[in-house]
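Please open the model in a viewer and keep the selection tool at hand.

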Amino acid sequence: MNEVLTLATQLRSLAFNLWWTWHTEVVELFRDLDPAAWRETNHNPIALLDRLSEQDLERRIDLLSLESRIHFHYRRLQEYLANQDDTWCAGQTGAIRVAPIAYFSAEFGLHESLPLYSGGLGVLAGDYLKSASDLGLPVVGVGLFYATGYFRQRIDETGWQREEYGTTDITTLPLRRAAAADGSALLIKVPCGNHTLHAGVWLADVGRTRLLLLDSEVMPNAPELRDLTARLYGGDELARIRQEILLGIGGLRALGAIGVRPRVLHLNEGHSAFVILERMRERMQDDGLTFDEALRETAIQTVFTTHTPVEAGHDRFDASLLEQHLGWLRQQLGIDAETFLALGRTDRSKTDEKFCMTVLAMKGSRRRNGVSSLHGHVARRMWRPVWPARLEEDVPIGHVTNGVHVRSWLAPGMARIYDRHCASDWMARETDRETWLPIARVDDGELWEAHAEHRRGLLAFVRRRVGTTDVLDPNALTIGFARRFATYKRATLVMSDP
């Protein structure tokens, strides 16, 4: 019986570190415990284990001979976490290990069982944390905990989209409460209009990296503030500015409360740009800097990634709303309203221009990038008014092309082909050209068989979700589109050149 309890403990340790999400063999281990329950729990190993009694778990482990697999993967995780000296970061950029990078994002897409994302922005953020873990980079993610997540899409009988919000059972998520010095649950607070906004802090382990999530569903908050983090991208302009105050200002305060003082701030889109002002306030208060010195020093240590190539996708707030909620911060920065608003305006002389979070992020950072070469060109043209004296090609916005975390996205069948034809350590050398040369010699039929296998699996999944077996032809070209069919995504390009 003690051995079974040990195996159960090892399974829970695996379930509570999201490292398992990018290791197919561990996913298969959880699935094999109960394939039907695995589907019903949306591939959530904690919820799966909660369904199994101690006796059921013992019986399934024995019946399926899982004991050695559990020990093996548990040891793999422990060795991975302990190995800090044989990583890319340790070998190439040892100095950066001294102080962490704080990565702020409004959403994180780590796995479908943790519904904190809506689309590409969150998926990029999730892949960023996973890649940082594998590289050994000291990254801490900072986001918000959305109790009901993002909406689930349902198509009604007229073909119209209906949004449905569920509820998340937090006891089935791989989260733990951050603790204060006295052992109680940590609470941070931020002035917010006529209120003081409180937030609890959840922590998640993503391999070697950590994710910090702020939750406004705590007792000290007024009712209108408790629901602030309930939904991703829900609510009006008032809810949005409060969410972004919590993410940026509250996020930096939460890092300080758990003993993390980041050397670098990386802002994934402009939602968290208020962190720049909070860092400036800290530097003025703690280090005696002037406003201009604090802005310069903060910008040197801030990186900003912009994603959205259309005006409508950037948050803007009225001056009155900003003063109502951040007048206290403006006063502590020692500046007047005009100087404060100029930080978020392309032209400080236009008193009717709203305060733009992207402009604040641009002015408060020294490294700015779009997410592809083409987007870099678009961003330089779009934000040239921030630097009116420069030619478009001299606007200081570069680009870093979006990548993916390969282990998370590579289908098992394709991984087996790479294992068979490429060097055994191809995953560690995925950026080397020589790694992929053997692929040219792979038989076309072998590649097509793997492709067809995965296509059939995808269609079977869709049919299960729709509830019928007579949709989609496995032999027809099928073009899908994930999440929002927004016009700026230019989906019609797919059909522009048949």
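**Enclosed spaces**

Begin by selecting Ala106, Leu144, Tyr146, Tyr233, Arg240, Gln243, Glu244, Leu247 and His271, which line the largest cavity. The model is a predicted one, and the volumes and distances quoted here are computed from it. The space inside the largest cavity amounts to about 60 Å³. Now colour helix 10 (residues 237-257): with four residues, helix 10 gives the most to this lining.

Next, select Glu269, Gly270, His271, Gly313, His314, Asp315, Met357 and Thr358, the lining of the second largest cavity. About 40 Å³ of space lies here. This lining divides into one nonpolar, five polar and two charged residues. The model holds two cavities of 30 Å³ or more.

**Aromatic pairs**

Turn now to the aromatic side chains, among which 12 aromatic pairs are counted. Select Trp19 and Tyr80: their rings form a tilted pair, 6.2 Å centre to centre, with 45° between the planes. Trp19 lies in the loop between helix 1 (2-15) and helix 2 (24-33), and Tyr80 lies in helix 6 (residues 67-82), so this pair ties together parts that are 61 residues apart in sequence. Are Trp19 and Tyr80 buried or exposed? Both residues are buried.

The charged end of Arg208 sits over the ring of Tyr80, at 3.9 Å from the ring centre.

Tyr418 belongs to helix 18 (residues 412-421), whereas Trp436 is in the loop between helix 18 and helix 19 (444-466); the pair links distant parts of the chain, 18 residues apart. Tyr418 has 16% relative accessibility and therefore counts as buried, the cut-off for burial being under 20%. Trp436, with a relative accessible area of 28%, is partly exposed.

For the last stop, select Trp20, Phe30 and Trp38. Ring pairs link these residues into a cluster.

Methods
Residues are numbered from 1 along each chain as its sequence is written. This is a predicted model: local features need pLDDT of at least 70, side-chain atom pairs count only at pLDDT 80 or more; totals for chains, interfaces and linings use all residues. Side-chain values use heavy atoms; hydrogens and water are left out. Rings of Phe, Tyr and Trp (its six-membered ring) pair if their centres lie within 6.5 Å; planes under 30 degrees apart count as stacked, over 60 as edge-to-face and the rest as tilted. Helices (H or I, at least four residues) and strands (E, at least two) are DSSP runs, numbered from the N terminus. Buried means under 20% relative accessible area, exposed over 50%, partly exposed in between (1.4 Å probe, protein chains only). A charge sits over a ring if NZ of Lys or CZ of Arg is within 6 Å of the ring centre and within 35 degrees of the ring normal. On a 1 Å grid over the protein atoms alone, a cavity is a set of points where a 1.4 Å probe fits but cannot get out, and a pocket is an open set with protein on both sides within 12 Å along at least five of seven lines; lining residues have an atom within 4 Å of a point. Grid points are joined across faces, edges and corners, and a volume is the space filled by probe spheres set on the points. Ala, Val, Leu, Ile, Met, Phe, Trp, Tyr, Cys and Pro count as nonpolar, Asp, Glu, Lys and Arg as charged, and the others, Gly among them, as polar.
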